[in-house]
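Have the sequence and the model open as you read.

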Amino acid sequence: MSFIENIKARAKSDKKTIVLPETSDIRTLKAAHQVLAEGIADVILIGDEAAINDKAEGLDLSSAKIVNPATFEQMDEYVAELVRLREKKGMTTEKANQLLLNDGLFLGVMMVKQGLADGMVAGAINATADVLRPSLQILKTAPGTKLVSAFFVMVVPNCEYGANGTFVFSDAGLNQNPTSEELAAIAQSSAKSFEQLVGEEPIVAMLSHSTYGSAKHADVDKVVEATRIAKEEAPALKVDGELQLDAAIVPSVGSAKAPASAVAGKANTLIFPDLDAGNIGYKLVQRLAKAEAYGPITQGIAKPVNDLSRGCSAEDIVGVVAITAVQAQNN
């Protein structure tokens with residue numbers, strides 16, 4: 001099976017409930033139709049039932065749960081809980097009521113918090129910051145996690161590197177210029193995500209324009225220190241750096257440039273030094289190698305909430321729903 005076929009099969013084996021709040025967008029409704037038809041997950045849609053059904057003409061959403069905020073029977077309970085969670089930040093009953101009535105992202109995250117849903121997928125019509133804000137305010141970071149980051153699963157066709165051409169690229173979606181401590185945390189989270197989604201041992205390379213001191217620069221020093229911290233905090237993890245990309249994934253180059261490394265030439269989890277490198281790297285591989293790119297997938301939130309690209313297709317949303325469901329199985 002391909003990566004996404006495997007993810008869908010795993011999602012079906014222990015079905016979870018995913019909330020999709022962006023029901024004014026036809027891509028969300030088409031994705032919901034496909035998710036339900038394939039049995040990938042149960043679906044909650046937020047919005048007016050008549051408006052949703054009118055827009056979804058020709059689609060079968062009969063088995064979706066549609067929640068209209070104006071008539072949601074648990075709204076008072078959710079308002080009280082949001083006030084309890086955020087009262088130190090100035091949240092009042094009136095503010096919470098207006099927020100949950102008018103912002104499907106906040107209502108969706110509250111459904112995850114309260115256990116009505118296992119995860120949320122949004123971002124087709126909302127910016128990343130707007131999707132993640134309620135997640136960080138309400139769900140917060142997972143225990144033992146220092147920060148939230150974002151990765152892509154890259155599936156490269158006809159590729160002998162990585163895990164049969166499958167990699168995690170991180171952070172390629174969220175943290176602009178992480179410190180050494182943050183890079184180390186991203187490496188540890190990404191290793192867990194690789195193992196969770198790909199099902200193989202993570203082999204983590206801390207990437208740089210330098211390999212083992214071949215160049216001198218403060219940017220290199222940051223990666224060297226990040227590697228030291230990651231090894232100290234996770235001694236069982238296969239992680240090494242600093243490594244150039246070819247030294248990280250090509251066995252012949254790895255053995256030539258870093259012969260003593262257990263990672264060089266074998267890496268499947270690639271940690272980029274900053275968001276510029278991560279974003280450019282994943283898009284190069286996606287466009288030039290015709291790779292499938294799944295993400296950005298968030299990691300480090302207490303329960304799974306994932307952001308979509310605003311250029312996503314309905315099929316992309318289906319894939320992210322399946323990944324979110326698998327993350328929820330391991331939550």
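Q: What makes helix α13 (residues 314–329) a helix that lies across strands β1, β4 and β11?
A: Contact means heavy atoms within 4.5 Å, and helix α13 lies across β1 (17–20), β4 and β11. Helix α13 runs at about 160° to β4, on a scale where angles run from 0 to 180 degrees between N-to-C directions, with axes fitted to C-alpha atoms (for helices over the stretch in contact). Helices (H or I, at least four residues) and strands (E, at least two) are DSSP runs, numbered from the N terminus. This is a predicted model, where local features need pLDDT of at least 70 and side-chain atom pairs count only at pLDDT 80 or more, while totals for chains, interfaces and linings use all residues. Residues are numbered from 1 along each chain, and side-chain values use heavy atoms, leaving out hydrogens and water.

Q: Why are β3 and β11 called edge strands?
A: The open sheet has 5 strands in the order β3-β2-β1-β4-β11, with parallel pairing. Strands β3 (65–67) and β11 (305–307) each pair on one side only. The twist averages 25° from one strand to the next.

Q: How do you know that β2 and β3 pair?
A: Pairing takes at least two DSSP bridges between two strands. Strand β2 (residues 42–46) and β3 have 3 bridges, in the parallel sense, so they pair by that rule.

Q: What makes glutamate 38 and lysine 8 a salt bridge?
A: The cut-off is a side-chain nitrogen of Lys or Arg within 4 Å of a carboxyl oxygen of Asp or Glu. Their N to O distance is 3.4 Å, so the pair counts. Glutamate 38 sits in helix α2 (residues 26–38) and lysine 8 in helix α1 (residues 3–13), 30 residues apart.

Q: Is leucine 288 buried or exposed, and what makes it so?
A: Leucine 288 is exposed because its relative accessible area is 68%. Leucine 288 belongs to helix α12 (residues 275–288).

Technical notes: Buried < 20%, exposed > 50% of the residue type's maximum accessible area, 1.4 Å probe, protein only.
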